[in-house]
Amino acid sequence: MMDNILNAFGLTPANYNTTPFGSGLINYTWKVSGNGHQYILQRINKNVFKTPQDIANNLVSLENYLRQTAPEYLFAAPLPTVSGTYLTEDGSNYYRLSPFIKNSHTVDFIEEDKQAYEAARQFGKFTRLLKDFDPEKLKYTLTDFHNLTLRVEQFKTALANAGEERLKSAAAEILQIEANIDIAGVYKQLVDGKKIPKRVIHHDTKINNILFDDNNCGLCVIDLDTVMPGYFISDVGDMMRTYLSPANEEERDLSKVKINDDYFIAVYKGYMAEMGGTLTAAEKDLFIYSGKFMIYMQAIRFLADFLNGDIYYHTQYEGHNLVRTQNQLTLLKRYFEAEDRFHNNIKQIENAAFSAI
Ligand code: ADP
Ligand code: GN1
Ligand code: MG
C-alpha cells in the first residue's frame, strides 16, 4: 500500500524507510528516510477534512504569494506528486509529502521561556507576512472550526444524545461548562458586532506545531491544514492554552496543570514583536480573553467527544477525553486566577516600551 503512495511522489519504495512519527490527534504521520533525503508523509483524516484538495489549493496560493513578498521565509509547503497534484489517494485516504526540515525538532510542552517566545513570534510572523493577503481568497478547510457558538450547540446535541453512563461520569464537568457559558457570550458579541477583522489564521498553534532548531530558535510553523480566514484570538488563545502550563492537555495529574507567568510574558512579547503594529485596539483588548476562548472551546470539544463515544480524537485509554476535559477545565480555573497578574504584566511591558522611546 505504502509503495504506491511513495511511487506517486516519485520515490522508489525499496530505497526508503517509513516509520511512524509525531503525536498529533487527527492525522497519521510517518518519517520517510533514504537516499540521503528525509520527508514527512501524512495520511489526512478524511472524517475530519472532507475536501483535502482545498488544503492543497490554499497552500499553493500562500506559497506563491510568500515567494514573491517574502522570498527568505521558510514555508513548509507540501511537495507535488509526479502528476503535479499535491495529494495522492489509496482508494480510501489521501496522502501528502513534505520535505523534512533538517535539524529540526518539536516539543510537546514548554521547558523554557525562549520556546514560548520563539513559537509566539513564528505564529505572529506568519499572520503578519500575510496581513495584505485577502483571507477570503482561501477556502474554509473546516467550516465553523472555531465558531464557539456552534461548538456550544454541538455540545448541547451531544448532551441530548449521550448514554446514561457517560452523562453520569461527566456530571461535574458538564456543570462547569455551563457555569462558564459567558465566555461564549463574549465571542458571539464580537462576531455579531464585527468588532475584529478576519485575518489569515493558523488555527492550531499548539507548541508541537512549531519546528525548533538545536538552540531552540523557531524555524517555521507546520501543520497547515487549518490555515484559513479567522480571528487572531484563535491563534493567541491556543498559545495560551498550550504554552502557559508546564504540563499539557494529556497530563492526568491535575496538580501539575499550572500557569507560568514568565511563559505568558514570553507569548505576549513574541507575538507582539511581530503583530504589535498590526493588531487593532479592539484586538489588543482581547489578548487575555483569547486564552479563555480557546481553553473553554477545547474543554467543550473534548467533552462533546467523550459524550459522543470518542469518535473524533485519537484516544489511548477508557475515559481519555474526559480526563482531557478535566485537564482543560483545571487550566481554565488557573487562567482566571492569573488574570489580574496578566493585566499587570502587559501594563509593565507596555510602560517599559513607552519609556524606552
Ligand atoms: P498532526 O496534524 O497530526 O499534528 P503535524 O503536521 O503537526 O500533524 O505533524 C506531526 C509531527 O510531525 C509534528 O509535530 C512534527 O514533529 C513532525 N513534522 C511535521 N512536518 C514536519 C516537517 N516538515 N519537518 C520536520 N518535522 C515535521
Ligand atoms: C487537533 O491535529 P492536531 O493534533 O494538531 C485538533 C485541534 C485541537 C487539538 C487538541 C483538525 O490538533 O483543533 O486543538 O487536536 N485539530 C482538528 O490537541 O480538530
Ligand atoms: Mg500537529
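Q: How do the residues of the shell around ligand 2 divide into nonpolar, polar and charged?
A: A residue belongs to the shell if one of its heavy atoms lies within 4 Å of the ligand. Ala, Val, Leu, Ile, Met, Phe, Trp, Tyr, Cys and Pro count as nonpolar, Asp, Glu, Lys and Arg as charged, and the others, Gly among them, as polar. Around ligand 2 this gives seven nonpolar, three polar and six charged.

Q: What kind of model is this?
A: Residues are numbered from 1 along each chain as its sequence is written, chains are lettered from A and ligands numbered from 1 in the order in which they are written, and side-chain values use heavy atoms, leaving out hydrogens and water. Local features need pLDDT of at least 70, side-chain atom pairs count only at pLDDT 80 or more, and totals for chains, interfaces and linings use all residues, for this is a predicted model.

Q: How much of ligand 2 does the protein bury?
A: Let's start with polar contacts, here pairs of N or O atoms within 3.5 Å. An oxygen atom of ligand 2 lies 2.8 Å from a polar side-chain atom of lysine 206, and glutamine 298 has such an atom 2.7 Å from a ligand 2 oxygen. Taken alone, ligand 2 exposes 440 Å² (Shrake-Rupley method, 1.4 Å probe). Of that area, the protein buries 96%.

Q: Which residues are the closest to ligand 1?
A: Ligand 1 is surrounded by 17 residues. By class they are seven nonpolar, nine polar and one charged. The closest are Gln42, Thr106, Asn208, Asn209 and Asp223.

Q: Where does ligand 1 lie, and why?
A: Domain bounds come from an automatic or database domain assignment. Both domains give residues to the shell around ligand 1, so this ligand lies between domain 1 (2-99) and domain 2 (113-356).

Q: How far is the polar side-chain atom of threonine 106 from an oxygen atom of ligand 1?
A: Glutamine 42 also reaches ligand 1, with a polar side-chain atom 2.8 Å from an oxygen atom. For threonine 106, the distance is 2.8 Å.

Q: Which residue in β5 stands opposite tyrosine 39?
A: Strands are DSSP runs (E, at least two residues) numbered from the N terminus, and two strands pair if DSSP finds at least two bridges between them. Strand β3 (residues 37-44) is joined to antiparallel β2 (residues 28-34) by seven bridges, and valine 32 stands opposite tyrosine 39 there. β3 also pairs in the antiparallel sense with β5 (residues 94-99), over six bridges. In β5, the residue opposite tyrosine 39 is proline 99.

Terms used:
Helix = DSSP H or I, 4+ residues; strand = E, 2+ residues; numbered from the N terminus. Polar contact = N/O pair within 3.5 Å; in protein donor to acceptor, adjacent residues only side chain to side chain.
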